[in-house]
Amino acid sequence: MRKPWIVSVLLAGVLLGACTDPASGPQAAPPTPSVPGASATTTRQRAPVSPSAPVKSAPRVLYLGDSLAMESQNVLGQELRGTLDATYTSAPYSGTTLCDYLEGTKVNSLVPDGDKAAALVRSLHPDFVVLQFWGNAWAYTPCMDGITYTADRTTYFQRYRADLSKLTAQIATAGGAQRPTIVWVLQGPDPITPERVEAVNALYKREAKSTGDIVADAGRTVSPAGARYTWTQYLPCTAYERAHPDYCTQPGNGRTALHLDKDYLHFCLAPTTSTPRPCPVRSPGILRIAREITRVIGDLAPSR
């Protein structure tokens, strides 16, 4: 287990700077090394189905979010296609939060109008909209109006709760009679403000319960057993990771790395860059998160 984190101002600047550059549109980046030759995000790849297995309709999935979604988007796409034969589109933007994806905010936003949540729902008609937001607490996006968790926790949560409701309503209205199911991704532990992440996850759960949507507790898969909000850099390798050595980074110790030494937030085991990108290397934390989201969607995908 690592020694307790002491995060310097310099480290925070490096991490946050890597999270704040917006990408230039829905991502169709090269596939991650784990799936050589995989196709772009909106193409489909049919998975073999056992004749005796239940046959479910192939869901249409839209994935939106911040830098955690940016780094995970290719892996989630390959899991959804390979497991559920899904049609998949991703449009994450690093450094964003919920208000960036709202239409009609009349302020500068890191997300262009064509990639707002409601606009994409109207054009793509997804069955599921997956929303993964760590909960930008540093006022790096203009739409937060300078509200930060550190300066005013009460106002921060009030604003976050209001944006949750607005985003849900806009997605529902855009979907009309074919309203998509929203999948709120619960976040993993944070060593700096663990209580903030727990409270944000509680807001996601409350919103999903009140609107008939669902949560995917992907954060649980990157948390120690029995310690949901305790941050750790390493976890014991799963059976899958032991069988696939690239995902068990310390096989001699039977454990795998979730984070780089200098980045407690992201799960990509390659350093962040000034230009946001999907993670270019196999990363156990990203795969764990993607598989949990895929499992939750698969459980709800309607049978044909």
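Leaving aside neighbours within four places in sequence, which residues is Leu167 in contact with? They are Leu98, Tyr101, Leu102, Ala117, Leu131 and Trp184. Contact here means heavy atoms within 4.5 Å. The model is a predicted one, in which local features need pLDDT of at least 70, side-chain atom pairs count only at pLDDT 80 or more, and totals for chains, interfaces and linings use all residues. Residues are numbered from 1 along each chain as its sequence is written, and side-chain values use heavy atoms, with hydrogens and water left out.

Stay with Leu167 for a moment. This residue lies in helix H4. Helices are DSSP runs of H or I with at least four residues, strands are runs of E with at least two, and both are numbered from the N terminus. Leu167 has 0% relative accessibility and so counts as buried. Buried means under 20% relative accessible area, exposed means over 50%, and partly exposed falls in between, with a 1.4 Å probe and protein chains only. Lys116 is 51 residues from Leu167 in sequence, yet their C-alpha atoms are 9.8 Å apart in space.

Now follow H4 to its partner. H4 spans residues 153-175, and helix H5 spans residues 194-211. Their axes come within 11 Å and cross at roughly 30°. That angle makes H4 roughly parallel to H5. The axes are lines fitted to C-alpha atoms, for helices over the stretch in contact, and angles run from 0 to 180 degrees between N-to-C directions. Angles under 35 degrees count as roughly parallel, over 145 as roughly antiparallel, 65 to 115 as roughly perpendicular, and the rest as oblique. The crossing of H4 and H5 is right-handed. A crossing is right-handed if the near helix is turned clockwise from the far one by less than a right angle, and left-handed if anticlockwise.

On the H4 side, the contact includes Arg153, Tyr156, Phe157 and Tyr160. Ala, Val, Leu, Ile, Met, Phe, Trp, Tyr, Cys and Pro count as nonpolar; Asp, Glu, Lys and Arg count as charged; the others, Gly among them, count as polar.

Thr148 sits in the loop between S3 and H4. At 16% relative accessibility, Thr148 counts as buried. Beyond its neighbours within four places in sequence, Thr148 contacts Ala137, Trp138, Ala139, Arg153 and Tyr156.

Helix H2 (residues 67-84) and H7 have axes that come within 9 Å and cross at roughly 40°. H2 is therefore oblique to H7. This crossing is right-handed. Val75, Leu76 and Leu80 are among the H2 residues in the contact, and H7 brings residues including Ile286, Leu287 and Ile293. The residues of the contact divide into 9 nonpolar, 4 polar and 3 charged.

Next, the disulfides. A disulfide is a covalent bond between the sulfur atoms of two cysteines. In this model, a pair of cysteine sulfur atoms within 2.5 Å counts as one. The count comes to 3 disulfides. With bonded cysteines counted along the chain, they follow the pattern 1-2, 3-4, 5-6.

Cys99 and Cys143 form one of them, with sulfur atoms 1.9 Å apart. The link is right-handed, with 70° about the S-S bond. Cys99 lies in the loop between strand S2 (87-90) and helix H3 (117-124), and Cys143 in the loop between strand S3 (128-132) and H4, so the pair ties together parts 44 residues apart in sequence. Cys99 counts as buried at 1% relative accessibility, and Cys143 at 2%.

Cys237 is joined to Cys248, S to S 2.0 Å. This link is right-handed, with 90° about the S-S bond. Cys237 lies in the loop between strand S6 (234-236) and helix H6 (239-243), and Cys248 in the loop between H6 and strand S7 (255-257), so the pair ties together parts 11 residues apart in sequence. Both cysteines are buried.

Cys268 and Cys279 form another disulfide, their sulfur atoms 2.1 Å apart. The torsion about the S-S bond is about 80°, so this disulfide is right-handed. Cys268 and Cys279 are each in the loop between S7 and helix H7 (284-300), 11 residues apart. Cys268 is buried, and so is Cys279.
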